[in-house]
Amino acid sequence: MYPINVSTKRLDQSRLCQIEAFARKPEVKIISLSAVGVLLNSPYSRLEDLYALLERKFRRKFRDPVFPFLAMRLSLDDPSVVREGTARSLREIYDTLHARNLLSLGEARWACRVEGELTINVLRARKTDILQRLSVVGKPIITFDQCALTGCELRAALNRELGSESDAIMRSYTSADFSSGSTEIFRSIATDFASSLDEIMHVVGEQSELLKQCKIIKNKFYFPSGPANFRGSKGPFTPWRRKNAFKKIEFPIRLYSNVASMDVFDQKNLEDEESTFLGDPYVLGHLALGPFILGLARWVIKNVVQRRHDVVAFCARDGHLLHLTYEILRSIYPDAPQSKYLRISRNVCLAFELKSAATITFNRSLLAISSEISVKDFLSRRFFLTLEEIAELNPTLEINGIDIHDKIGLGTQLFEILSSSAIVNFSLQRKRQQFSSFYLSELGDFSSIGLFDVGYNLRAQRILRSFLPADIFGYYISSFHETVYLEEEGLAHLNFLGAPVNNRLSDSVFPTALMELMLSEIGVGSMRDIRHGPDSAEPLFEDNQSSTNSTQIVKQIQKGALDFVKSAVDVFGKDIEYMVATPQSYFYNLDCFMRNPSKKDAKIFSDIQFGNSAVGNTFRIIGTDLKSSHWKSGYLAINKKRDLLGALYNLCKLRLIS
């Protein structure tokens with residue numbers, strides 16, 4: 001093989017130029033390309049993954065949950081390694097399995113057809129112009145692949161994906177068309193074109209092909225495919241290289257990761273790249289957040305179908321991205337119930353939680369308000385009141401000493417006013433009635449409701465359950481220890497990432513602020529109140545407190561994630577139903593990023609800030625110091641010179657995420 005050393009982070013022009021230059025040499029008479037790898041991307045980096053997917057389909061089709069299809073299929077010679085005198089087309093492979101009484105005739109025919117479909121249907125055109133550039137050289141171009149597909153089958157895939165560009169290919173060869181090894185195959189090709197073996201130039205897209213095939217060909221070049229680039233990353237922060245994780249993780253995650261790499265790593269050289277996601281928000285969304293929300297949405301669909309919910313309500317704003325993902329997957333899950341994007345917020349829930357003066361007096365943390373906010377804004381946002389209304393309700397109350405523009409502070413006369421249960425109950429009871437009517441109009445016609453939220457303390461489910469006549473089952477990413485007793489009280493729910501976590505004793509499952517930011521509807525404030533019209537009510541929102549830059553970065557992350565989901569559906573279609581993995585595996589890439597990001601990737605969030613007009617503070621994902629950072633691992637990744645507090649956090653393995 002001719003070594004091609006490219007130091008740049010993009011290898012399209014550099015490597016292509018060298019391949020094109022060699023193709024123009026007079027001693028080259030035939031240009032041979034591996035169709036799969038050079039012209040087409042495939043998500044199957046290992047044949048075992050193809051067979052594992054086929055095994056799941058076989059077991060369900062023939063109702064045999066323990067049939068060892070994978071082991072049986074691997075027991076035959078690898079179809080990419082052709083022995084002398086052995087034909088290896090799919091039909092002959094399955095005829096052999098039938099002749100050995102390992103499969104019935106019906107099973108063999110079904111498996112032969114489905115393996116062919118699984119192999120061909122997932123092939124997608126690469127985003128390179130290698131064929132166009134080589135076609136102008138003026139020499140015959142052929143494709144040769146060692147696989148169980150015939151040349152005609154592979155040519156049909158090339159025509160489908162490349163369109164008229166495939167006309168530049170004179171002929172497509174595969175090992176399935178021959179009963180001889182690769183040596184004789186290339187001798188036959190050379191004879192067809194009246195050339196010698198030394199006059200053939202062969203380009204492959206996988207390094208494994210260089211070892212397995214075409215050993216007799218001297219002029220071989222490596223033009224790595226997207227999945228090959230993905231697997232070739234040697235950076236210390238690359239999650240799939242840790243402890244050989246890419247081989248250990250369940251095969252659906254390998255397939256999903258390869259699909260993502262087909263889109264974003266097709267022309268990028270990662271060999272010298274220390275960052276996993278290239279410091280690119282879109283790549284982060286595509287490769288890390290995308291598989292996670294796909295697995296999460298699939299988990300929600302599986303459970304809501306089993307429990308026969310009438311509707312799935314995704315709570316705003318944290319449920320925004322998952323709601324969009326759910327709707328994409330409904331195209332392949334026709335039994336999935338309809339969905340709603342439910343506007344609900346902490347402020348709405350407070351109207352139901354603040355039922356007594358004692359709660360206000362002794363549970364001020366529930367109010368989540370800044371002492372710097374004005375009296376007027378505080379009464380408006382948390383109690384839906386003005387000072388004039390307080391005076392009208394209780395004219396004997398002395399309020400003249402309170403200026404509505406004063407800051408509320410802590411322990412002021414204002415809290416003594418609020419301790420009057422008559423005033424509090426009147427206003428909040430009024431709002432409880434209004435909000436109840438609003439949500440009854442949204443969900444009152446359903447008898448069984450699935451409710452999705454990020455989790456923590458199940459606030460929305462608790463509130464809606466208090467007045468909706470329906471059964472409500474909650475679906476969450478994770479929850480805290482406070483929710484354990486709620487299940488005993490009948491608040492049924494499931495967590496995607498396991499049992500409730502006591503975040504006082506151990507790390508949270510994920511950095512909550514960072515997770516919420518990536519999943520949430522961005523550019524829209526939280527629901528503050530409702531405005532009643534003559535025929536309906538509409539939500540009123542807090543001012544949007546995200547900076548323009550923050551909004552654009554999060555939108556790029558979310559676009560990358562949704563594009564991944566669309567690509568996965570496009571490539572695998574309804575076979576996603578068989579591609580089940582553990583929640584931890586769906587979460588793996590994202591979890592590695594959150595816990596141990598590279599400096600370049602952490603900087604994606606270095607300028608991200610958001611605010612809450614009710615709380616009155618502006619938050620930064622990565623602050624000016626460790627304490628003020630809502631993503632502590634990100635802060636530590638960027639600041640190599642860690643302060644003393646940061647060092648203690650690391651040494652003691654305390655809570656690095658918040």
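Helix α14 bends by about 45 degrees at L289, and a proline, P291, follows within four residues. The bend at a residue is the angle between axes fitted to the seven residues ending there and the seven starting there. The model is predicted, so local features need pLDDT of at least 70 and side-chain atom pairs count only at pLDDT 80 or more, while totals for chains, interfaces and linings use all residues. Residues are numbered from 1 along each chain as its sequence is written, and side-chain values use heavy atoms, with hydrogens and water left out.

**Overall make-up**

- The protein has 30 helices and 16 strands; helices (H or I, at least four residues) and strands (E, at least two) are DSSP runs, numbered from the N terminus.
- Of the 658 residues in the protein, 57% are buried. Buried means under 20% relative accessible area, exposed over 50%, and partly exposed in between, with a 1.4 Å probe and protein chains only.
- The accessible surface of the protein is about 28,100 Å², and carbon and sulfur atoms account for 49% of that area. Accessible areas come from the Shrake-Rupley method with a 1.4 Å probe; for residues, only the protein chains shown count as cover.
- Among contacts between residues at least 6 apart in sequence, 71% join residues at least 24 apart. Contact means heavy atoms within 4.5 Å.

**Helix α14**

- Helix α14 covers residues 281-306, and its end C-alpha atoms are 36 Å apart, which agrees with the 38 Å that its 26 residues should span at 1.5 Å a residue. The expected span of a helix is 1.5 Å times one less than its number of residues.
- α14 is mostly covered, with 23 of its 26 residues buried.
- At the N-terminal end, D280 caps α14 through a side-chain oxygen that lies 2.8 Å from the backbone nitrogen of Y282.
- Just after α14, R308 has a positive phi of about 55 degrees.

- S448 lies in strand β10, which runs over residues 448-456.
- S448 counts as buried because its relative accessibility is 14%.
- The side chains of S448 and H309 make a polar contact of 2.8 Å. A polar contact is a pair of N or O atoms within 3.5 Å; within protein, one must be able to donate a hydrogen and the other to accept it, and residues adjacent in sequence count only if both atoms are side-chain atoms.
- Leaving aside neighbours within four places in sequence, S448 is in contact with R307, R308, H309, D310, V311, A470 and D471.

**Salt bridges**

- The count comes to 22 salt bridges, a salt bridge being a side-chain nitrogen of Lys or Arg within 4 Å of a carboxyl oxygen of Asp or Glu.
- R46 and D49 form a salt bridge, with their closest N and O atoms 3.9 Å apart. R46 is partly exposed, at a relative accessible area of 25%, whereas D49 counts as buried at 0%.
- E55 and R59 form a salt bridge with closest N and O atoms 3.4 Å apart. Because E55 and R59 are 4 residues apart in helix α3 (residues 47-61), about one helical turn separates them.
- E55 is buried, with a relative accessible area of 11%, and R59 counts as partly exposed at 26%.

**R160 and its network**

- A network of salt bridges links R124, R160, E161 and D570.
- R160 is found in helix α8, residues 151-162.
- In the salt bridge between E161 and R160, the closest N and O atoms are 2.9 Å apart, and a polar contact of 2.9 Å also joins these two side chains.
- Both residues are partly exposed: E161 has 23% relative accessibility and R160 has 39%.
- R160 and R124 are 36 residues apart along the chain, and their C-alpha atoms are separated by 9.1 Å.
- Not counting residues up to four places away in sequence, R160 touches I120, N121, L123 and R124.

**Helix α27**

- Helix α27 (residues 588-595) is mostly covered, with 6 of its 8 residues buried.
- The buried residues in α27 are N589, L590, D591, C592, F593 and M594.
- The cover over the buried residues of α27 includes α13 (251-264), α14, α24 (512-519), α28 (599-602) and α29 (632-638).
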